[in-house]
Amino acid sequence: MSTATSRVFVARLAGTGVFDPLGDRVGRVHDVVVLLRVKLPPRAVGLVVEVPGRRRVFLPLSRVTSIDPGAVITTGLVNIRRFEQRAAETLVVSQLFDRHVAMLDGSGEVAIEDAAIEQQRNRDWLVTKLFVRRRTPSKGGLFRRGESMVIDVGDVQGLAPTEEQQGATALLATMEDLKPADLADVLHDLPDRRRLEVAAALPDERLADVLEELGDDDRVSIVSALTADRAADVLDAMQPDDAADLISELPTHQASELLELMEPEEAEDVRRLLVYADHSAGGLMTTEPIILPPEATVATALAHARREDITPSLAAMVFVVRPPLETPTGRLLGVAHLQRMLREPPHEAIGTFLDKDIEPVTPDAGIGALTRLLATYNLTALPVVDEERRLLGAVSVDDVLDHLLPEDWRDADDDVTDQAMGDAHG
């Protein structure tokens with residue numbers, strides 16, 4: 001994300017226009033959503049955007065590409081569901097402004113009048129500075145406005161979560177740097193009630209990543225404990241193949257309700273995947289690999305490979321097709337490998353160096369055929385096409401491994417998994 005300034009004050013951000021990549025106005029910033037954490041700076045997770053009709057929706061900061069004076073630019077993906085504040089969330093303008101907090105140096109109380117957010121190297125946004133005004137006693141026991149100053153957020157106390165939120169928030173603070181798979185292991189070992197509390201306090205995209213790494217029983221219990229709207233938001237943020245796997249484990253009535261609440265495009269991808277057998281190419285594939293036309297440049301392709309929502313196995317190649325670019329696409333022309341793109345000039349069109357020898361598979365291809373092709377040609381992903389060679393999706397090596405391992409491998413010890421794999425190949 002590029003920003004015109006490295007520090008953004010929320011009071012100036014409020015009211016700023018929000019635009020899609022084409023320059024069309026989406027709405028305006030109403031507020032900033034932060035998570036107040038124990039012994040750590042508050043983390044900004046998104047914007048409350050007022051769209052036409054005075055409807056307020058949530059825009060994750062991960063979908064903001066730049067914050068410039070007078071304009072916030074998004075990826076174009078805005079969830080139109082009405083914003084509902086969750087227990088662990090705090091609104092900066094509505095709830096932090098005018099809050100009285102104590103200075104740690106013992107110099108008295110100050111009132112918060114503004115807060116600054118800054119993006120860190122890991123792309124998280126943190127509240128780093130506060131614009132405060134001292135509360136100076138006057139005659140009659142009242143207070144008058146005193147000097148104002150900009151201070152570090154760590155110079156005050158009183159921003160901590162409420163006692164009701166303290167437990168889950170404090171635990172999450174210790175897990176902030178964990179990879180999704182490691183956080184999934186921690187959640188699995190927690191008591192049921194505690195696991196649900198922590199899961200409920202996670203942002204949608206973080207919870208989606210964790211659910212993709214959990215066993216079926218754990219993720220079904222978590223999704224079932226969420227409100228239907230929240231569960232649909234989390235499913236929207238998951239990879240379509242993982243969302244389809246999860247929905248297939250839910251009772252039919254619950255699955256149908258969640259599919260209706262999901263974003264139409266995301267729900268359509270999931271519905272298409274649900275018709276395939278679990279261990280077939282269609283059941284294993286994702287409908288969202290990197291797909292570009294042949295005239296796209298190397299620079300464009302590398303930018304897509306850098307996206308946070310693309311796994312390393314899928315980032316290793318670009319699937320080049322004729323329009324349309326949404327699955328099912330136009331005819332598959334070939335693939336462009338990341339390693340080859342790194343050796344080409346940024347302006348070069350990827351269609352000039354396609355690998356056309358990659359053998360695509362059909363949706364009904366079995367896991368044995370997928371494994372042999374991936375191993376034989378040292379690939380990290382395979383294209384899945386229909387009878388007209390239209391790209392339907394891609395099967396990545398991590399999804400194949402996931403299904404080759406015993407069903408309960410996430411919850412089993414290494415020696416149990418070793419024994420099960422030995423028996424399978426004995």
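**Notebook: the sheet around S16**

I started with strand S16, residues 317–321, and found that it pairs with S17 in the antiparallel sense over five bridges. I note that this is a predicted model.

I then looked up two facing pairs along S16 and S17. Valine 321 stands opposite leucine 332 in S17. Phenylalanine 319 stands opposite valine 335 in S17.

Next I checked the partner S15. S15 and S16 run in the parallel sense, paired over two bridges. Here isoleucine 291 stands opposite phenylalanine 319 in S16.

I put the strands in order. They form an open sheet of three strands, S15-S16-S17, and the pairing is mixed. The edge strands are S15 (291–292) and S17 (332–337), each pairing on one side only. As a reminder to myself, strands of a sheet pair through backbone hydrogen bonds, either parallel or antiparallel.

Is S16 enclosed or open to the outside? I found that five of its five residues are buried, so S16 is largely enclosed by the rest of the structure. Buried here means under 20% relative accessible area.

Last, I looked at the faces. In a regular strand the side chains alternate between the two faces of the sheet. On one side of S16 I listed Met317, Phe319 and Val321, all buried.

Technical notes
Residues are numbered from 1 along each chain as its sequence is written. This is a predicted model: local features need pLDDT of at least 70, side-chain atom pairs count only at pLDDT 80 or more; totals for chains, interfaces and linings use all residues. Side-chain values use heavy atoms; hydrogens and water are left out. Two strands pair if DSSP finds at least two bridges between them. Helices (H or I, at least four residues) and strands (E, at least two) are DSSP runs, numbered from the N terminus. Buried means under 20% relative accessible area, exposed over 50%, partly exposed in between (1.4 Å probe, protein chains only).
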